[in-house]
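This report goes through a protein model from its overall dimensions to selected residues. The sequence and the structure come first.

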Amino acid sequence: MLDVDSDGDLDVAVAVENDVSRLYLNDGKGKLSWRQGAFGTARHDNEHVETADFNKDGHADLIFVAEYDQDHQLFLGDGRGGFVDASDRLPAQSQANGLAVGDVNGDGLPDIVVGNSAESRAERRAPAPQDFLWLNTATNPGHFVDATATHMPKDAEYAQGIALADLDGDGDLDMFVANETPPNRLFLNDGKSHFSDASDRLDLKVPLETREVHVFDANRDGRPDILFLNLTSNNQDWDKDPQSRLLINDGEGRWRDETDTRLPRHRFSSWGGSVVDFDHDGAPDLLVGAIEVPSFKPLQLRAWHNDGSGHFSDQTVSVVPQATVGRSWSMAQGDIDGDGKPDIFIGGWGTQARLLLSGSGSAR
């Protein structure tokens, strides 16, 4: 979500798989209308989108990453709802499934991390593709230098999600990489955007096929915890345990898997979710997309309530509308209707995308 036309409300950009990505403009009251052609007319295998002011002109810009066709796109906003295609400023192509944006080297400019994967089984017999780190150029903002070879650890997995957060309390952004092929990875930043592998600090009890990672303070002790959203397989046979996993920070730089005592048990797969305080009690709750695999059957979106100490219970029936049955994909949140409460946009694969407006303790 971003304000593309400087009118004070949040608009919505959507990465569309095997089609043209879409821009929806907000009328200020939460009603969204499609602005066709905002991102051109060419179809791409778009997987993720992130926003930041990359060129420091005061306007929101966008980056889309693609998988099969490898055509990543950078669009620079003009502040009036228009965009200029500046994709030639991106250093490399790849089959990407993960994306995160943040200032990793402390120069005040947003940098880009791209998590790479492979589409076909034949490609997966080759060495796994390296995830990318693209640093924004201080002397020419909005242009990027590929710092992967000198700043990133070698990895051998297929990335699906990236999260940037200060995980060790030293004031810089560290990195979680959620992988389709185990294990998930933790990379720590030295403050100058050089990352080192500290994955041994993660208590990974079982092999996971993870699609998203979320960093938040689940138990409100002031330390970052980790949520992994997982699949049994990408609509193949039953393979790995798709149970969502919650890892709690022990205060000594390690994360313990406390899923069994903190999260509802489930057998559905999840391609995406959102951390949101849906009952406005100050404790972060969870919305979790659910899909039955095998069969790829659409299921009801789940709402898990936090008791304030990081223990979650399923309150789906009382929180989310029954209409939210679908193949829920990644989610974004922001105050769409201007009431001061977070709303949720839910992407869907082959099912209706949903906009949930926050009410008093529920969404509508």
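## Overall form and charged pairs

Of the 364 residues of the protein, 54% count as buried. The model is predicted. Its secondary structure comprises three helices and 30 strands. Along the principal axes, the C-alpha atoms fill a box of roughly 50 × 45 × 40 Å. A compact globule with 364 residues would have a radius of gyration near 21 Å, and the value of 19 Å for the protein agrees with this.

Among the contacts with a separation of 6 or more, 47% are accounted for by residues 24 or more positions apart. The accessible surface comes to about 15,000 Å². Carbon and sulfur atoms hold 47% of that surface.

The protein carries 32 positive and 63 negative side chains. The centres of these two sets lie 5 Å apart.

### Salt bridges

Side chains of opposite charge can pair when their charged atoms come close. With a cut-off of 4 Å between a side-chain nitrogen of Lys or Arg and a carboxyl oxygen of Asp or Glu, the count comes to 13 salt bridges.

| Pair | N to O distance | Relative accessible area of Arg | Relative accessible area of Asp |
|---|---|---|---|
| Arg 43 and Asp 19 | 3.5 Å | Arg 43: 61% | Asp 19: 25% |
| Arg 80 and Asp 78 | 3.5 Å | Arg 80: 63% | Asp 78: 26% |
| Arg 265 and Asp 241 | 3.9 Å | Arg 265: 53% | Asp 241: 28% |

Arg 43 forms a salt bridge with Asp 19. Arg 43 lies in the loop between strand E4 (32-34) and strand E5 (44-52), and Asp 19 lies in strand E2 (residues 17-19), so the pair ties together parts that are 24 residues apart in sequence. Arg 43 is exposed, while Asp 19 is partly exposed.

The salt bridge of Arg 80 is with Asp 78. Arg 80 is exposed, and Asp 78 is partly exposed.

Arg 265 and Asp 241 meet through their side chains in a salt bridge. This pair links distant parts of the chain, 24 residues apart. Arg 265 is in the loop between helix H2 (259-262) and strand E21 (273-276), and Asp 241 is in the loop between strand E18 (225-231) and strand E19 (245-249). Arg 265 counts as exposed, whereas Asp 241 is partly exposed.

Salt bridges also link Glu 157, Arg 185 and Asp 197 in a network.

### Two buried residues

Ser 193 is located in the loop between strand E15 (185-189) and strand E16 (195-197). Its relative accessibility is 1%, and because buried means under 20%, Ser 193 counts as buried. Leaving aside neighbours within four places in sequence, Ser 193 is in contact with Val 104, Asn 105, Leu 133, Leu 135 and His 151.

Phe 228 belongs to strand E18. Phe 228 likewise counts as buried, at 1% relative accessibility. Not counting residues up to four places away in sequence, Phe 228 touches Asn 184, Leu 204, Leu 208, Thr 210, Glu 212, Val 213, Ser 244, Arg 245 and Leu 247. The C-alpha atoms of Phe 228 and His 214 are separated by 6.7 Å, and these residues are 14 residues apart along the chain.

### Backbone geometry

Most residues other than glycine have a negative phi, and most peptide bonds are trans. The following residues depart from these patterns.

The peptide bond from Pro 182 to Pro 183 is cis, with omega near 0°. Pro 183 sits in the loop between strand E14 (174-179) and E15. A cis peptide bond, again with omega near 0°, runs from Val 293 to Pro 294. Pro 294 has its place in the loop between strand E23 (291-292) and strand E24 (297-300).

Ser 6 has a phi near 60°, which is positive in a residue other than glycine. Ser 6 is found in the segment before strand E1 (12-14). Asn 18, also not a glycine, has a positive phi of about 60°, and Asn 18 lies in strand E2.

How values were computed:
Residues numbered from 1 in each chain as written. Predicted model: local features only at pLDDT ≥ 70, side-chain atom pairs only at ≥ 80, totals over all residues. Heavy atoms only, no water. Helix = DSSP H or I, 4+ residues; strand = E, 2+ residues; numbered from the N terminus. Buried < 20%, exposed > 50% of the residue type's maximum accessible area, 1.4 Å probe, protein only. Rg over C-alpha atoms; globule rule 2.2 N^0.38 Å. Contact = heavy atoms within 4.5 Å. Areas by Shrake-Rupley, 256 points an atom, 1.4 Å probe, with all protein chains shown as cover. Lys, Arg positive; Asp, Glu negative; His and termini not counted. Charge placed at Lys NZ, Arg CZ, Asp CG, Glu CD.
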